[in-house]
Amino acid sequence: MPAPEPMPGYGQLLKRGYGSLTEAIKACGDCGWELSRQTWTENAYLGWGEVLLCGLCALGWTVLRRAAARRLFGPFGEWCNLQPKDAAKMPESAWKLLFYTLSWSYGIYLLFFTDYPFFYDPPSVFYDWKKGMDVPTDIAIAYLLQCSFYGHSIYATAYMDTWRKDSVVMLLHHVVTLTLIAFSYAFRYHNVGILVLFLHDVNDVQLEFTKLNVYFKHRGGVYHRLNDIISNIGCLTFSVSWFWFRLYWFPLKVLYATCYSSLQSVPNIPFYFFFNALLLVLTLMNIYWFLYIVLFVAKVLMGQMQEVNDVREYDVEDSKKTTTAKKKEAGLQLPNALKEGYVGRGR
């Protein structure tokens, strides 16, 4: 097996990635629907039994979430005497924190406590790739968990979660993610899929944990400073980790491997354009959400933010209310503004 390739810089990523895409486009003179249909027929390995199992698990996630909200999270919020608005949203964050902690922990196990070298050597995700190759059981379990959860999440975002300003983008994200997971499994690109999921789940863990501390800051009619401090720290670390995992490591580890390294290992790799297009869409959505942080921080630093009513955590219903009373606090600290305003939605 070749020695691990050093992680490239952004310049090398753009140069080699763009060059590979351009050469692939020039070489694909017969690209079109007919070739796509033929490629799918020859390379996709996804049985109806696997689809049915994933659908049943997605239904199971939905049932489990409803039961947990009614019997565990909801009663706990009432016992803590949360404010009504916070009590209504707390079960959603608690549920997501539970799942993403589980999934990210499993990703840590796969990437750092097994023999898979994908994190330290991303190009290795395509070494020895063969169509229809067996998917290792431990990776297949991760795919079943994630694929079924995102199937559930499409329904949950539309009918169970609090509707927010970015909920339409969130639905698009879930559709893109579900498509990536399902197709990467069918085409046996599961190695790179594990890396993609790991780099995204960490932010969701931080996000939901921070949101819970925001909700628990005022409970029982009493202000709890510890939750306030934790949420302040959580917002700042979440912002940094979002950039580091999704906008630094994701392009340099994943996009470089899929755009450039994939063609070096498998010159005629199937659905090259399709998968890279979806990964680029995912990157654009990560940038879109990151702009919320940049714009919000800029408004706070420039003194333009008098009240927090136009950031993604606030619900659509709240944004429609006409607010005449302005915040009378003399000094709005940057961490407090981030905590109250930005802590919204994750991946």
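1. In what kind of crossing, left-handed or right-handed, does α5 pass α6? The crossing is left-handed, and the points below set this pair of helices within the protein as a whole, with the reminder that the model is a predicted one.

2. The protein has eleven helices and two strands as its secondary structure. Read from the N terminus, the order of elements is α-α-α-α-α-α-α-β-β-α-α-α-α.

3. When contacts between residues at least 6 apart in sequence are considered, 83% of them join residues at least 24 apart.

4. Returning to the helix pair, α5 covers residues 137–159 and α6 covers residues 167–186, and their axes come within 9 Å of each other, crossing at roughly 155 degrees. Because an angle over 145 degrees counts as roughly antiparallel, α5 and α6 are described as roughly antiparallel to each other.

5. On the α5 side, the contact with α6 is made by Tyr143, Gln146, Cys147, Tyr150, Gly151, Ser153, Ile154, Thr157 and Ala158. The residues that α6 brings to this contact include Met170, Leu171, His173, His174, Val175, Leu178, Ile181 and Tyr185.

6. Sorted by class, the contact of α5 with α6 comprises twelve nonpolar and nine polar residues, and no charged residues take part in it.

Note on methods. Residues are numbered from 1 along each chain as its sequence is written. This is a predicted model: local features need pLDDT of at least 70, side-chain atom pairs count only at pLDDT 80 or more; totals for chains, interfaces and linings use all residues. Side-chain values use heavy atoms; hydrogens and water are left out. Helices (H or I, at least four residues) and strands (E, at least two) are DSSP runs, numbered from the N terminus. Contact means heavy atoms within 4.5 Å. Axes are lines fitted to C-alpha atoms, for helices over the stretch in contact, and angles run from 0 to 180 degrees between N-to-C directions. Angles under 35 degrees count as roughly parallel, over 145 as roughly antiparallel, 65 to 115 as roughly perpendicular and the rest as oblique. A crossing is left-handed if the near helix is turned anticlockwise from the far one by less than a right angle, and right-handed if clockwise. Ala, Val, Leu, Ile, Met, Phe, Trp, Tyr, Cys and Pro count as nonpolar, Asp, Glu, Lys and Arg as charged, and the others, Gly among them, as polar.
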